[in-house]
Amino acid sequence: MLAVGGMIGALVSGKTADYFGHRTTMWIINVFFILGWLAIAFTKVSWLLDLGRLLQGIGIALTSYVGNIFIAEITPKNLRGGLVSLNSWMTGSGVAFVYLIGSVVKWRGLALIGSIPCLLQILCLFFIPESPRWLVKNGREKEFEGVLQRLRGKKADISPEAAEIKEYAEFIQLLSENKFLDLFQKKYARPITVAVGLMLLTQFSGLTGYTFYMTNIFVLAGISSEAGYVTLAVVKILSTTLAIFLIDKSGRRTLLMVSAAGTCLGSLLTGFSFLLQQDHHYWISVLALTGVSVYFVSFNLGISGIPWIIMSEIFPINVKGSAGSLCVLIYWISSWAVSYTFNFLLQWSSTGTFIIFAAVSALGFLFTVMLVPETKGRSLEEIQASVTRVLRYRNAKSSFV
């Protein structure tokens, strides 16, 4: 039901953010989350559990899109990667924190605890400005300059950045309206291929299988669930913290390649441990936990957050809503496919399951080498003009290559 809700949310995520704005969409997101948690916490019938998960899936899909887009659009180019990674760090740390709380709190209490951050964000949103790029796209130029000045500081000279944003927004609006079919023009072939490919890598490298069925993996590997979850909590926090410091130093592309290679190694180690399971040696359980830990360390270093960073950077503003909806929809369809098939795959072959995940990670490494651009240290306008092959927009507002 979470994945089904994600698909529904994906279909409307881009248009919702385009129409209502990023800040208002975040208010809507938190309403979905709170209603979902309350349905779970106070349910006395099973269908309310399904409804709660459905509402949360819609909220997660909306925030997967608008959260990363909003951060990318308000942040200076030299800090953009780190701050979007900070978003992933908060997600990973939140999951790790809930792993720990969930070991001592019953599920109804855990649901109520889950609603607290949502209530806090509703209050905090009163103090958060709208995206300056969304404002200029919607003709609110006076607000745009005020918000940009507020984001950059009272004494900052925003003139060059403001001029670039306005000029590119005016130019891009001349190209086409924001329609879904616009995505399939030749000039958008590369960004669509890159974004969709990275969304597929995120899920088919095994994320949902590892996350949703971690207890099953621990049981099969002979690992104590308590010890396993505490280990993963520490691993998640440390690896996502490291990613924040590396993202704007090593670059998106390099870190993504390291991440894909690492998830491939982690899945191979996990699969190999299941192959040797009949020997019943203690070190085989240690090998399984090592493989899972290597997977999550590597995943959190790059694949966890970088696809969302790149998705938020490479699409021009006129198709960003439709492109975002498509990417989030692909992500959730993939999530549903992996979560639905994982148990069947384990019954078929526990070793083979993780070999498949390793193979996908290896393909993801090659995909990154061949197609994924480096976006570190470049403005959104520079990235979008180069990736969509729209050149010289400053000098000729109708020139294409």
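Tutor: E145 is partly exposed, at 36% relative accessibility. That class lies between two others: buried is under 20% relative accessible area and exposed is over 50%, found with a 1.4 Å probe on protein chains only. This is a predicted model, where local features need pLDDT of at least 70, side-chain atom pairs count only at pLDDT 80 or more, and totals for chains, interfaces and linings use all residues. Residues are numbered from 1 along each chain as its sequence is written, and side-chain values use heavy atoms, leaving out hydrogens and water.

Now the partner. E145 forms a salt bridge with K166, with 3.0 Å between the closest N and O atoms. The two sit 21 residues apart, E145 in helix 7 (residues 141-152) and K166 in helix 8 (residues 159-175). Helices here are DSSP runs of H or I, at least four residues long, numbered from the N terminus. K166 is buried, at 18%.

What counts as a salt bridge? A side-chain nitrogen of Lys or Arg must lie within 4 Å of a carboxyl oxygen of Asp or Glu. Side chains of opposite charge can pair when their charged atoms come close. The structure has five such bridges.

Another is E313 with R252, at 2.7 Å between the closest N and O atoms. E313 is in helix 15 (residues 306-314) and R252 in helix 13 (residues 252-275), so this bridge ties together parts 61 residues apart in sequence. Both E313 and R252 are buried.

Then take R140 and E143. Their side chains meet at 2.9 Å, N to O. R140 is partly exposed at 33%, and E143 is partly exposed at 40%.
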